[in-house]
Amino acid sequence: MLNGCALGQTRSLRRTELMEPIYGPRGEVVAWLKSPNQLLDLRGSVIAWIDRTEVYTLSGSHVGQFVSGFFRDRQGNATAWVRGASGGPMTPIPSIPPIPPIPAIPPIPPIFAIPAIPAIPSFSWSGRSFDRFASGA
């Protein structure tokens with residue numbers, strides 16, 4: 001526990017919001033998870049949304065899932081992870097996260113598309129970067 005936060009989580013400027021680092025396959029910080037449903041880039045801008053376990057682009061297109069600490073593409077391969085992730089590929093030792101950015105004012109969430117039937121989770125890393133995953137590219 002550090003400043004009332006679990007290891008790997010840091011408080012943002014508002015005491016009620018937590019920002020958790022999202023790590024890539026090599027353990028580098030690739031984005032931030034802002035409680036409760038926003039994915040932020042390293043500069044603090046919203047790049048995607050989470051609705052329950054589903055991940056959506058800014059425009060509302062379904063791109064994958066966030067389950068058991070892993071962000072998974074539509075093929076079931078992991079693109080990124082948060083501390084405590086389980087049931088996926090082996091995670092590396094995470095880098096020390098930078099100071100979280102000051103979050104930008106988020107856009108209004110879109111109407112989310114109906115998600116596809118989820119793929120069976122694999123123990124493989126996706127060939128897509130987290131940025132490409134979150135943007136739907």
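Strands E2 (residues 18-23) and E3 (residues 29-34) form a hairpin with five residues between them, and Gly27, which lies in the turn, has a positive phi of about 90°. Strands here are DSSP runs of type E with at least two residues, helices are runs of H or I with at least four residues, and both are numbered from the N terminus. This is a predicted model, in which local features need pLDDT of at least 70 and side-chain atom pairs count only at pLDDT 80 or more, while totals for chains, interfaces and linings use all residues. Residues are numbered from 1 along each chain as its sequence is written, and side-chain values use heavy atoms, with hydrogens and water left out.

The pairing of E2 and E3 is antiparallel and runs over five bridges, where two strands count as paired if DSSP finds at least two bridges between them. Tyr23 has Val29 as its bridge partner in E3. Strand E2 is mostly covered, since five of its six residues are buried; buried means under 20% relative accessible area, exposed means over 50%, and partly exposed lies in between, with a 1.4 Å probe and protein chains only.

The structure holds three salt bridges, each being a side-chain nitrogen of Lys or Arg within 4 Å of a carboxyl oxygen of Asp or Glu. Side chains of opposite charge can pair when their charged atoms come close. The table gives the pairs.

| Salt bridge | N to O distance |
|---|---|
| Glu28 and Arg26 | 3.7 Å |
| Arg43 and Asp41 | 2.9 Å |
| Asp51 and Arg52 | 3.5 Å |

Asp51 is partly exposed at 23%, and Arg52 is exposed at 73%.

The largest nonpolar core has 17 residues, of which Ile22, Leu39, Val55, Phe71 and Phe130 touch the most other members; such a core is a set of buried Ala, Val, Leu, Ile, Met, Phe, Trp, Tyr and Cys residues joined through side-chain atoms within 4.5 Å. Two or more residues of this core come from each of E3, strand E5 (46-51), strand E7 (62-67) and helix H1 (130-135). A second, separate core of 11 residues includes Val29, Trp49, Phe70 and Trp81. Leaving aside residues up to four places away in sequence, Val55 touches several residues, among them Leu39, Trp49, Val63, Phe71 and Phe133, with contact meaning heavy atoms within 4.5 Å.

The structure also holds one cavity of 30 Å³ or more. On a 1 Å grid over the protein atoms alone, a cavity is a set of points where a 1.4 Å probe fits but cannot get out, and lining residues have an atom within 4 Å of a point. The largest cavity contains about 90 Å³ of space, the volume being that filled by probe spheres set on grid points joined across faces, edges and corners. Its lining includes His62, Gly64, Gln65, Arg72, Asp73 and Ala116. E7 gives the most to this lining, with three residues, and E7 and strand E8 (70-73) each supply at least two.

Ala116, one of the lining residues, lies in the loop between strand E9 (78-81) and H1 and is partly exposed at 44% relative accessibility. The C-alpha atoms of Ala116 and Glu54 are separated by 9.7 Å, although these residues are 62 residues apart along the chain.

Key: On a 1 Å grid over the protein atoms alone, a cavity is a set of points where a 1.4 Å probe fits but cannot get out, and a pocket is an open set with protein on both sides within 12 Å along at least five of seven lines; lining residues have an atom within 4 Å of a point.
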